Amino acid sequence: MERLNKYLASCGVASRRESEKLILDGRVKVNGKVVKELGTQVNENNDRVSVDGNLVKPVLDYSYIMMYKPKGCVTTMKDDKGRKTVYSYLEDLNIPHLVPVGRLDYDTEGLLLLTNDGELVHALTHPSHEVPKTYVVKVEGEIPEHKLAQLRKGVEIDGVKTAKAKVKLVEFKDNISRFEMTIHEGRNRQIRKMFEAVGEEVIFLKRISVGNVRLGGLARGTYRYLNDDEIEYLKKL
């Protein structure tokens, strides 16, 4: 027996947290009956679990993908505004329940991990695990040191202070400051909002690594399978 949200994650439907929302929204049935109790226990050998009427079963063969997400698309299966999604770049893959590990917003590009391993999605996105993610950030003009110090200590966005961040100036050229910035939270548009909090506007944002797994070698809109070492490293994170 295991909790329903964990079972849904093992089926690759969504992360545990997102599975809880599916349950609360009444989209999950166990043996033909809608279940909204988060503590519900299921037996994978005896119980029939469905989401939106589709029977789900644990994934036995997991896939792990790294994609270079370009700007101008969203990290969802469908978009209510009709915008392009990352899945339009993955149409030749026939992998059930492939979901993004976290999000990159519409105007941000770079490394996006996707998998149908719900347990890994949960592990990499849960705030308590503090998985570091590094970005290239470009801002117009020179940024004074006191503002960088604020970013490193954490700034208040949406009423809550961010955790400490690593910020390193890589280059100042043609009136553009280029930084590498590492955070371990995954709040909505976090880096853009952090710079806004110190009076600066991000003009370019690209994620280049999750932990020690780096983007290198991919062109925008392309993908590759992770190798065994990368998969093992991410699971240890």
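Colleague: Hello! How many cavities of 30 Å³ or more does the structure hold?

Modeller: Welcome! Rolling a probe the size of a water molecule over the atoms shows where empty space is left. In this predicted model, there is one cavity of 30 Å³ or more. The largest cavity has a volume of about 40 Å³.

Colleague: Which residues line the largest cavity, and what is the lining like by class?

Modeller: Look for Tyr-64, Ile-65, Val-101, Leu-113, Leu-114, Thr-115, Leu-120, Leu-124, Leu-226 and Leu-234. By class, nine of the lining residues are nonpolar, one is polar and none is charged.

Colleague: Which element gives the largest share of that lining?

Modeller: That is strand E9, with three residues. At least two lining residues each come from strand E7 (64–69), strand E9 (109–115) and helix H3 (118–125).

Colleague: Now the rings, please. How many aromatic pairs are there?

Modeller: The count comes to one aromatic pair. Phe-179 and Phe-195 form this pair, with 6.1 Å from centre to centre and 45° between the planes, an arrangement classed as tilted. The pair links distant parts of the chain, 16 residues apart: Phe-179 sits in strand E14 (residues 176–183) and Phe-195 in helix H5 (residues 190–197).

Colleague: Is Phe-179 buried or exposed?

Modeller: Phe-179 counts as buried because its relative accessible area is 1%, under the 20% cut-off. Phe-195 is buried too, at 0% relative accessibility.

Colleague: Which residue lies over the face of Phe-204?

Modeller: Lys-138 does, at 4.9 Å from the ring centre.

Note on methods. Residues are numbered from 1 along each chain as its sequence is written. This is a predicted model: local features need pLDDT of at least 70, side-chain atom pairs count only at pLDDT 80 or more; totals for chains, interfaces and linings use all residues. Side-chain values use heavy atoms; hydrogens and water are left out. On a 1 Å grid over the protein atoms alone, a cavity is a set of points where a 1.4 Å probe fits but cannot get out, and a pocket is an open set with protein on both sides within 12 Å along at least five of seven lines; lining residues have an atom within 4 Å of a point. Grid points are joined across faces, edges and corners, and a volume is the space filled by probe spheres set on the points. Helices (H or I, at least four residues) and strands (E, at least two) are DSSP runs, numbered from the N terminus. Ala, Val, Leu, Ile, Met, Phe, Trp, Tyr, Cys and Pro count as nonpolar, Asp, Glu, Lys and Arg as charged, and the others, Gly among them, as polar. Rings of Phe, Tyr and Trp (its six-membered ring) pair if their centres lie within 6.5 Å; planes under 30 degrees apart count as stacked, over 60 as edge-to-face and the rest as tilted. Buried means under 20% relative accessible area, exposed over 50%, partly exposed in between (1.4 Å probe, protein chains only). A charge sits over a ring if NZ of Lys or CZ of Arg is within 6 Å of the ring centre and within 35 degrees of the ring normal.
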